[in-house]
Amino acid sequence: MKERVTHPLAALAVAFACTAPWVGVELAGGPEALALTELATVAVSGVAVLGASFLLAWGAETAEKDVPRAFAIAVLAVLAVAPEYAVDALYAWTAGASAGTARGVEAGNLAVANMTGANRILIGLGWSGIAMFTVYRAKTTSDVAVEQRSGFLASVVQLDRNISTEIAFLLAATLFAFFVPLNGGIGILDTLVLVGLYVVYIGVIIQGDVEKPEGQVGVPKYLQGLTKVVRIGTVLALFAYSGAMIFTAVHPFAHGLEALGKQAGVPPFFMIQWIAPLASESPELIVVAYLVNKARSTAGFNALISSKLNQWTLLIGTLAVVYSLGLGEVGSLPFDEKQTAEIWITAAQSAFAIAILSNFNISLREATGLLVLFVSQVVVEFAIIQTVADAAVETELSILVLHVYTVVYLVLAAGLFWLRRESLARLLRRTNRTVQSAYGSGRPEAEAGD
């Protein structure tokens, strides 16, 4: 009996069972058709997201036997944050279809706010929180990636040096992002550059070698033991099913949270920028926490960095395309001064985070710094929204806060880049060799000292 309960197929059955109620809700016509309350909708869709996240993680781990690990993680990252793309696409389409109206202006600002909120959550809560969780779990998992050091918050999580490609491409996208607001909106040029960066990146990682899978246990180990044809079919089925569950369940989950938040007095715009993206990022964070719990923190951080890269390139780049489709002609998604400041602070936070990772580790001090800066900025802005009655004054104060934090992020990033300039140079050289090797324009050199 015990063997049946602990068998990998039992774990798969439990994960599928978590999604079953939501499948029933969808087949019945959705939460509205069943007259589900917001709380019930959040509960059912949230459990479905949890189950689908495990299925997605198992599919990605199993796929590592047949494709380069970086590519498997990139697919996982795209599927995990697909709902975020859908939310932003809806606002961008509305902005184009309603161009020239107050509704169109509002939708354009919401598209940018939702995008910047998602990106900042991924670093401010995701990178920092997972680093802390990794060090905490290492006490019982003996994770070799964690180096316990004496001193206040001195322990560090060591990263895989092969992640240099992702970090370098993320740095390129971040530098370009500072110039996006200067063009008066997100336009087709931004699409060409940012989507082009991601396409080049995929072209690089897909050329990587298929590594021997790490000592897998449980479901991935069982699935990797299947014949190749069955294994690949199973992976594709897990990706398709979990992606469909995440895509359909996250929106009601987010909307349910928004409704509960509004009932609690949280401003709608604040909900769109922070609560909705937090809900749409939840599958990614669940998957990474699962990997860390298995002492696979390296793969977990690779997934987080890959997610940030695809959101900071594909997500921004596709907004102009969807806006143009809604508009009926090629155009640039417009946004106001507040959203310009939001883009700049998001790029500045990204620069600081990249500076932290430039030496291929993140300490608890650095993780705490990311978390404190993120949370304090959100809390300060929320306090302004709640206490300042004049809308114009509220906006001016919010923009001032964003600019102050942008400067703080940039000063910290510049200082770290200077202190770690040699590490950054090695990272860029390593990436250059990888790109040249992938596109056949050079032979990889010895990597001594990297």
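Reply: Start with a term: buried means under 20% relative accessible area, exposed over 50%, and partly exposed in between (1.4 Å probe, protein chains only). The model is predicted, so local features need pLDDT of at least 70, side-chain atom pairs count only at pLDDT 80 or more, and totals for chains, interfaces and linings use all residues. Residues are numbered from 1 along each chain as its sequence is written, and side-chain values use heavy atoms, without hydrogens and water.

Me: Is Tyr 409 buried or exposed?
Reply: Its relative accessibility is 2%. The cut-off for buried is under 20%. So Tyr 409 counts as buried.

Me: How are the planes of Phe 352 and Tyr 409 arranged?
Reply: Rings of Phe, Tyr and Trp (its six-membered ring) pair if their centres lie within 6.5 Å; planes under 30 degrees apart are stacked, over 60 edge-to-face, the rest tilted. Here the centres are 6.1 Å apart and the planes stand at 45°. So the pair of Phe 352 and Tyr 409 is tilted.

Me: Which residue lies over the face of Trp 418?
Reply: A charge sits over a ring if NZ of Lys or CZ of Arg is within 6 Å of the ring centre and within 35 degrees of the ring normal. The distance here is 3.9 Å from the ring centre. The residue is Arg 421.

Me: How many aromatic pairs does the structure hold?
Reply: Ring pairs link Phe 169, Tyr 198 and Tyr 201 into a cluster. The total for the structure is five.
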